[in-house]
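Let us walk through this structure together, one stop at a time. Please keep the sequence and the 3D view side by side as you read.

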Amino acid sequence: MDAILQVENLTKHYPDFTLDHVSFSVPKGTIMGLIGENGAGKSTTINAILDLIHKDDGMVTFWGQELSSAKQLKEDIGVVFDGINFYETLTPAKVGKIAKAAYSRWDDHLYKEYLKRFQLPADKEIKQMSKGMKVKLCIAAALSHKPKLLILDEATSGLDPVMRDDILDVFLEFVQNENHSIMMSSHITTDLEKVADYITFIHQGKVVFSKRKDDLRYHYGIIRCEAAVFDQIDKQEILACRKEDYQWNVLVADKEKAKKKYKNAVVDDAAIDDILLLYVKGVQTK
Amino acid sequence: MRSLVLKDLYNIGHNAKSMLFMLAVLALILIPTSGAPAYIIVSAVLCSMMIVTTFTFDDNSKWSRYAMIMPVSKKNLVAGKYVVMVIFCVIGSLFGLIVSMIAGLALRKMTFDMEGIVELLILALVALALSLVSGSMSIPLVFKFGAEKARVLLVVSIFVPLAVCFGIYQVLVLLGIELTEQLIFVLLCCSPVFALVWCYLMYCICCRIFEKQEL
């Protein structure tokens, strides 16, 4: 499994927050979803990965090389932040000219194709565009220099479901090439359920887990039970739990085992949203 | 770096009309009252200050973050700003020169003889030097304090170079070097070179400031 991006013990201290020894990797040909509540450290992680902030410890390598010592790697990385980074009086045509002057592999034809596909008029000023159009413009600009890794920081937040679906299709097309990968942070976990191959969950600056999405989908489960059954559950098996009005919700890593073991309890599949909620709002035991 | 320069020129394009209008109004006020020299200098310095406006645009769109994910270095970004500033200064000086020539002819305050043209050309060179000095000093201020706070401090970028010039003059007086007309002429002709050296110093300071900044 070749990793395009390898993050090891990434640490960054702020007076009120610490990104604490974050480690994960993004393999070739996959989509990695970075999830976590607001303020969990997703954007800090991305900023540190992209060398936009100074890291206190740890190492980040793209194709085995550090970005700070191999600036040409930036040619292979496309980035979309939350919000457009071009001034509002620019047009897609001008954005294309600016990006063309920056990237050696810029493909004007491809950019125009994306503009056409996303129905973005080349001469419309950014200030006259909707939020969705702006995101599409950023994605078109990020893809037209033919990157191998796409990094998206909450890029699809604030878009309606139809527009998000269109954009997710573009991402899926992108990773059809097995040398391409995407790392996307999002708190819209349903998007990640659709497209991600791996999920990395960051909570309070630490990685809770970094796993294949299918492992979560097929193995993780939530035991829903009353207090009496909860007391019988082996506490070693509990990843996180939360008491609601009349029942306990207990996250376990092996739902089939739980189904066999606790016949008096209901064991549901765990959606990423459920997992995130239990870790953030419940009691984390592991 | 070409992309960074291009971006600033596109961004400032929208302000070009209002700048032209302001320079036209100033031409009507300054040339008849204070003469061509004042107008050429004001035109050049005003244009050089447009560099601060480009930072405001950058701040609004969080451009610096984006620029750093493109294949450019922090030094490239700083250098790009200096190139744009030099372009603004050259445009401002040339604009002042051309308008002054036209106004001088229209008001019959200037004749197209060699002496008059050389005088205006030297004035344009001095204006270019002054605008380069003040403009180049405004850039580290903006990098350090941000575009909005730096606007208040811009007065520093005008007075510090004047203070430096005054200091040099005092040193020359102390050393007993007489400022003859010929020496002044040579100094004025060389002023853009001094200004470029000053620009390089400011560029180095900017690089140090920006290198430490997180985006």
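**A guided tour**

A:R164 is buried, with a relative accessible area of 13%; here buried means under 20% relative accessible area, exposed means over 50%, and partly exposed is in between, using a 1.4 Å probe and protein chains only. Before going on, please note that this is a predicted model, in which local features need pLDDT of at least 70 and side-chain atom pairs count only at pLDDT 80 or more, while totals for chains, interfaces and linings use all residues. Residues are numbered from 1 along each chain as its sequence is written, chains are lettered from A and ligands numbered from 1 in the order in which they are written, and side-chain values use heavy atoms, with hydrogens and water left out.

Which residue does A:R164 form a salt bridge with? The partner is A:D191, and the closest N and O atoms are 2.8 Å apart. A salt bridge is a side-chain nitrogen of Lys or Arg within 4 Å of a carboxyl oxygen of Asp or Glu. This pair links distant parts of the chain, with A:R164 in helix α5 (residues 161-174) of chain A and A:D191 in helix α6 (residues 189-195) of chain A, 27 residues apart. Helices (H or I, at least four residues) and strands (E, at least two) are DSSP runs, numbered from the N terminus. A:D191 also counts as buried, at 1% relative accessibility.

Over all chains, the count comes to 23 salt bridges by this rule. One of them brings together the side chains of A:K12 and B:E214, at 2.6 Å from N to O. A:K12 lies in strand β1 (residues 3-14) of chain A and B:E214 in the segment after α9 of chain B, so the pair joins two chains. Are these two residues buried or exposed, or in between? A:K12 counts as buried at 6% relative accessibility, whereas B:E214 counts as partly exposed at 31%.

Back within chain A, the side chains of A:D107 and A:K146 meet in a salt bridge of 3.3 Å, N to O. Here too the pair links distant parts of the chain: A:D107 is in the loop between α2 (92-102) and α3 (108-117), and A:K146 is in the loop between α4 (131-143) and β6 (149-153), 39 residues apart. A:K146 counts as partly exposed, with 41% relative accessibility. In chain B, a network of salt bridges links B:K7, B:D8, B:D58 and B:K81.

Now let us turn to the backbone. In chain A, A:H21 has a phi near 45°, a positive value in a residue other than glycine. You will find A:H21 in strand β2 (residues 17-27), where this residue is partly exposed, with a relative accessible area of 42%. Another such residue is A:D51, whose phi is near 65°, again positive in a residue other than glycine. A:D51 sits in the loop between α1 (42-49) and β4 (57-62) of chain A and is partly exposed, at a relative accessible area of 28%.

Next comes the surface of chain B. B:F21, B:V25, B:L28 and B:I29 form a nonpolar patch there, with about 430 Å² of accessible area together. Patches are made of residues with over 30% relative accessible area and no salt bridge, where like charges are joined within 9 Å and nonpolar side chains (Val, Leu, Ile, Met, Phe, Trp, Tyr) within 5 Å. Accessible areas come from the Shrake-Rupley method with a 1.4 Å probe, and for residues only the protein chains shown count as cover. B:L28 lies in helix α2 (residues 16-34) of chain B and is exposed, with a relative accessible area of 68%.

Our last stop is the largest pocket, which holds about 780 Å³ of space. Its lining has 20 residues, and B:C165, B:I168, B:L187, B:S191 and B:F194 lie nearest its centre. The elements giving two or more residues to this lining are α7 (114-145), α8 (147-174) and α9 (181-212) of chain B. α8(B) provides the largest share, eight residues. By class, the lining has 19 nonpolar, one polar and no charged residues. A pocket is an open set of points on a 1 Å grid over the protein atoms alone, where a 1.4 Å probe fits, with protein on both sides within 12 Å along at least five of seven lines; lining residues have an atom within 4 Å of a point. Grid points are joined across faces, edges and corners, and a volume is the space filled by probe spheres set on the points. Ala, Val, Leu, Ile, Met, Phe, Trp, Tyr, Cys and Pro count as nonpolar, Asp, Glu, Lys and Arg as charged, and the others, Gly among them, as polar.
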